[in-house]
Amino acid sequence: IDAWRKVLSYDAADFKAMAALETLFTQENMWEECIDVLERKARALSELEDQIDVLMQAASIWLDKLYNASSAAGVYERILQAQPENMTASTAVEAIYNDLGSWEKLGDLLMTRVEHLSAEEEQVSTLQSVARLDEEKLSNPEHAFEVLKVAFSLAYTNEVTAKEFERLASTTGKWNELLAEYSNVVQTVADLSIKCDLWVKIGRW
């Protein structure tokens, strides 16, 4: 180990030395030292994808070998700063935030994820999750209403969104905003049956 460390002291980007140390530290269960080598390796690599692969290894060691969820989350957060669309890192840190009760961070994570989802159904489902989080964990029904406003604009025929949007309008006293959203949408709908359904709801309020 000392010999390979000496090699790195002369050349911080010697990948052969880093690979040897990573193997030795793994064999000796010297996990923090192994993470240090991985961090050094990530800094030495030139390609983003390669850097992320190595950082994912480091995060896994923090979580699975050292049981340090906070440190693992920190690595995943760095990955997401560099590559916000990385769903593997996003899903992993989501689980950690849930376990740690980091609700504000979880909400921010999910809102960022929406921007990188291509399927409308997934976008709407994620926004619904954020709205529940806002109301149930953060006691912020007003923000939950605003999140559902976005979900409604994406898929106004989604029954879950419509039901919760209406309920939160009642809870927050935002009936005028609800009516405005429905009125804006109904003007753009070409399907006559959907347009009629929307007008029925507006008339009921």
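Along the principal axes, the C-alpha atoms fill a box of roughly 80 × 30 × 20 Å. The model is predicted, so local features need pLDDT of at least 70 and side-chain atom pairs count only at pLDDT 80 or more, while totals for chains, interfaces and linings use all residues. Residues are numbered from 1 along each chain as its sequence is written, and side-chain values use heavy atoms, with hydrogens and water left out.

Turning to secondary structure, the protein holds 12 helices and zero strands, and its pattern along the sequence reads α-α-α-α-α-α-α-α-α-α-α-α. Here helices (H or I, at least four residues) and strands (E, at least two) are DSSP runs, numbered from the N terminus. Of the contacts (heavy atoms within 4.5 Å) between residues at least 6 apart in sequence, 42% join residues at least 24 apart.

As for burial, 38% of the 205 residues are buried, meaning under 20% relative accessible area, with exposed set at over 50% and partly exposed in between (1.4 Å probe, protein chains only). In soluble globular proteins, nonpolar side chains tend to be buried together. The largest nonpolar core has 57 residues, among which Tyr76, Ile79, Val93, Phe165 and Tyr182 touch the most other members. Helix H4 (residues 48-64) supplies the largest share of this core, with eight residues. Such a core is a set of buried Ala, Val, Leu, Ile, Met, Phe, Trp, Tyr and Cys residues joined through side-chain atoms within 4.5 Å.

Asparagine 29 lies in the loop between helix H2 (15-27) and helix H3 (31-44) and, although not a glycine, has a positive phi of about 55 degrees. Its relative accessible area is 53%, so asparagine 29 counts as exposed. Tyrosine 67, in the loop between H4 and helix H5 (69-82), likewise has a positive phi, near 55 degrees, in a residue other than glycine. With a relative accessible area of 67%, tyrosine 67 is exposed.

Glutamate 164 belongs to helix H10 (residues 159-172) and counts as partly exposed because its relative accessibility is 24%. From glutamate 164 to isoleucine 194 the separation is 30 residues in sequence and 19 Å in space, C-alpha to C-alpha.
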